[in-house]
Amino acid sequence: MKTTAAVLHEMEKPLPYVDSQPIVIEELELEGPGKGEVLVEVKGAGLCHSDLSVINGSRPRQMPMVLGHEASGIVREVGRDVRGFKVDDHVIFTFIPSCGDCRYCKSGKPSLCEPGAQANNAGLLMNGAQRFSRDNRSYFHHCGVSGYSQYTIAVPGSLVKVDSSLPFEHATLFGCAVMTGTGAAMNTANIQAGQSVAVFGLGGVGLAAVMGAKACNAQEIIAVDLLDSKLEMAKNLGATHVISAKDNNPIEVIQDLTHGGVEIAIESVGNAKVLAQAYESTMRGGTTVAIGLPHPDHQFSISAVTLSAMEKTVKGSYQGSCTPTRDIPRFIDMFHSGQLPVDQLLTDTIKLEEINEGFDRLHKGEVARQVILF
Ligand SMILES: NC(=O)c1ccc[n+]([C@@H]2O[C@H](COP(=O)([O-])OP(=O)(O)OC[C@H]3O[C@@H](n4cnc5c(N)ncnc54)[C@H](O)[C@@H]3O)[C@@H](O)[C@H]2O)c1
Ligand SMILES: [Zn+2]
Ligand SMILES: [Zn+2]
């Protein structure tokens, strides 16, 4: 079948993207669904910094690629041997496919699924297939999702079935921003009532972490960003203190506010220097959670002795350490009960044709999440 998709052919084109047009809207061939595959009509797809990082070259990937890894839609066809999904099911995509069978999946850590990571690194579906093409040239998949396309093919391990009453512009946000940010707060950091938390970087992911900290009844939630508009958004989501990193040294302000540091610091910028700031903002015995995805060449530098002498912990968080089939429905319930105001992450809905302008706005930091509605 034919599908209209947004395709990246070349990384590192200059800003602004409205002029350089790194993403091109094209009509592609979409094959499938083959055995063990699902055809999904995409209804919503979000613009996340991890897509921007492919465009600007800090997350190098195979080209040409149909980007988009935060999405939701409706199942239109199921291939042979697919169990658990049927036509008309509403689904949210996860950006790490899970096989259910590797040692990580079997030990309850599907976000670390080995075949899932290999497929994502190769730009393939987990079964090794490439389903998009044009003039007999195969295009690569992004994170097994490729949400910037009217239609896409995914394996069942990339999909979570959800209630059809959830609007797509909200459903979409659970696929990355909420799983990642709220999951980091609730799963990776496992924030306890009364704890003190700092969140560095208030994009869709960081704001979802602020929400998660609030839902865990953290006592102090300190939100840090360069932009005042982001600090305002964090206040509305429950931040008890905000710090402009443009005008202040956030480490000093946090040390002062908390008399020696926070129990948990979360980095959601994607900057190794900010990760070091987060680490230095934690108290003795404190935990730093790394969400951001810096360029693979960047190193994280801390005073080594503090790790032991201050019994500090540094933890990575991928897809919020979530088990998507458990956590997406749980987070949706918390949205419905008012504990996670996920709708506040949505700055705007846009058209597929506006995608380059959308990434200019994300680069400037002036938006939380923008969702393409098809
Ligand atoms: N670990 C995962 O599973 C996972 C999943 C999704 C996204 N990510 C990564 O998380 C990061 C955040 O993603 P996003 O979509 O929310 O990004 P975003 O661009 O929407 O937000 C980043 C925010 O950081 C702020 N910022 C920039 N420099 C700063 C500084 N020095 N100090 C404080 N704040 C600063 C920006 O103003 C912006 O508000 C990215 O690195 C992304 O690739 C990781
Ligand atoms: Zn993302
Ligand atoms: Zn697995």
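Mentor: Let us begin at the surface, where F300, L307 and V314 form a nonpolar patch with about 210 Å² of accessible area together. Areas come from the Shrake-Rupley method with a 1.4 Å probe, and for residues only the protein chains shown count as cover. This is a predicted model, in which local features need pLDDT of at least 70, side-chain atom pairs count only at pLDDT 80 or more, and totals for chains, interfaces and linings use all residues. Residues are numbered from 1 along each chain as its sequence is written, chains are lettered from A and ligands numbered from 1 in the order in which they are written, and side-chain values use heavy atoms, without hydrogens and water.

Trainee: Where is V314 found, and is V314 buried, partly exposed or exposed?

Mentor: Buried means under 20% relative accessible area, exposed over 50%, and partly exposed in between. V314, in strand 16 (residues 313-316), is partly exposed at 34%. Strands (E, at least two residues) and helices (H or I, at least four) are DSSP runs numbered from the N terminus.

Trainee: Which protein donors does the zinc ion (ligand 2) have?

Mentor: Donors are N, O and S atoms within 2.8 Å of the metal (3.2 Å for Na, K and Ca); water is not among the atoms, so sites may look incomplete. Here they are C48 (SG), H69 (NE2) and C176 (SG), 1.9 to 2.3 Å from the ion. C48 lies in the loop between strand 3 (38-46) and helix 2 (49-55), and C176 in helix 5 (residues 168-188), so the pair ties together parts 128 residues apart in sequence. Both C48 and C176 are buried.

How values were computed:
Patch = residues over 30% accessible without salt bridge, like charges linked within 9 Å, V, L, I, M, F, W, Y side chains within 5 Å. Salt bridge = Lys/Arg side-chain N within 4 Å of Asp/Glu carboxyl O. Buried < 20%, exposed > 50% of the residue type's maximum accessible area, 1.4 Å probe, protein only.
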